Amino acid sequence: MARQHGYVIRRKYTAPPERVFAVLADAAHWSTWARPVIMTSRWAEGTGEVGSVRVAGMWPVLIRERITELHPPSRLAYRMVGRNIPVRDYEAAVEFRPAADGGTELTWTASFRPVVPGTGALMTAVVKSTVLFLAWRLGPAAARGQVGAERRG
């Protein structure tokens, strides 16, 4: 069995945790703020509650993730599901903490096992760079309040 790999990403945002959480939890609208990495995003099952499955990415690479924990506005956890993914046992949790200045301190932690033994460093680089991009784009989207319901209102 392949060795466990993972990463931790820490970011600080000016928007409050409620807004940062809302933007990240609104997976159906990721494609509005996370392009060009996320060109399509939708709920395949459910609408964002625990057990829901989100699909995001760029065809032909669409990743499916099942929401395993949802504690607004402090924690969201998920795991990758499906057969066409390059890693196994991928689980991640995103923690949102209030910052002293009214913003948000975010910690995104993940662990997984590569499908092909010996590719752990490569897979860590690929997966982490995608999440780093999302974390980078999340800040401006949250500052704008870019949540589906707010855009429709």
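Modeller: Two strands are said to pair if DSSP finds at least two bridges between them. The elements named here are DSSP runs, numbered from the N terminus: a helix is a run of H or I with at least four residues, and a strand is a run of E with at least two. The model is predicted, so local features need pLDDT of at least 70 and side-chain atom pairs count only at pLDDT 80 or more, while totals for chains, interfaces and linings use all residues. Residues are numbered from 1 along each chain as its sequence is written, and side-chain values use heavy atoms, with hydrogens and water left out.

The account may begin with strand S2. This strand covers residues 40-45 and is joined to S3 by 5 bridges, the two strands running antiparallel.

S3 and S4 form a hairpin, with 2 residues between the strands. The loop between S3 and S4 holds Pro60, and the peptide bond that leads from Trp59 to Pro60 is cis, with omega near 10°.

A cis bond is also found at another proline. The peptide bond from Arg35 to Pro36 is cis, with omega near 10°. Pro36 belongs to the loop between helix H1, which covers 17-25, and S2.

How much of S3 is covered? Residues are called buried under 20% relative accessible area, exposed over 50% and partly exposed in between, with a 1.4 Å probe and protein chains only. By this scale S3 is mostly covered, as 5 of its 6 residues are buried.

The next pairing is that of S5 with S6, which are antiparallel and share 5 bridges. In this pairing, Arg75 stands opposite Glu95 in S6. S5 and S6 form a hairpin with 5 residues between them, and in the turn Gly82 has a positive phi of about 110°.

S6 continues the arrangement on to S7. The two strands run antiparallel and are joined by 10 bridges. Across this pairing, Arg88 stands opposite Arg113 in S7. The hairpin of S6 and S7 has 5 residues between the strands, and Gly102 there takes a positive phi near 95°.

Asp89 is placed in strand S6 and has a positive phi of about 55°, although Asp89 is not a glycine. With a relative accessibility of 46%, Asp89 counts as partly exposed. Pro98 also lies in strand S6. Its relative accessible area is 65%, and Pro98 is therefore exposed. Pro98 and Pro16 are 82 residues apart along the chain, yet their C-alpha atoms are separated by 6.7 Å.

A pair of aromatic rings is described by the distance of the centres and the angle of the planes. Rings of Phe, Tyr and Trp (its six-membered ring) pair if their centres lie within 6.5 Å, and planes under 30 degrees apart count as stacked, over 60 as edge-to-face and the rest as tilted. By this rule the model has 5 aromatic pairs.

One of these pairs is formed by Tyr78 and Tyr90, which are tilted, at 5.9 Å centre to centre with 35° between the planes. Tyr78 lies in strand S5 and Tyr90 in strand S6, residues 87-98, so this pair ties together parts that are 12 residues apart in sequence. Both Tyr78 and Tyr90 are buried.

Tyr90 also forms a pair with Phe112, and this pair is stacked: the centres are 6.1 Å apart and the angle between the planes is 20°. Because Tyr90 lies in strand S6 and Phe112 in strand S7, residues 104-114, the pair ties together parts that are 22 residues apart in sequence. Phe112 is buried, as is Tyr90.
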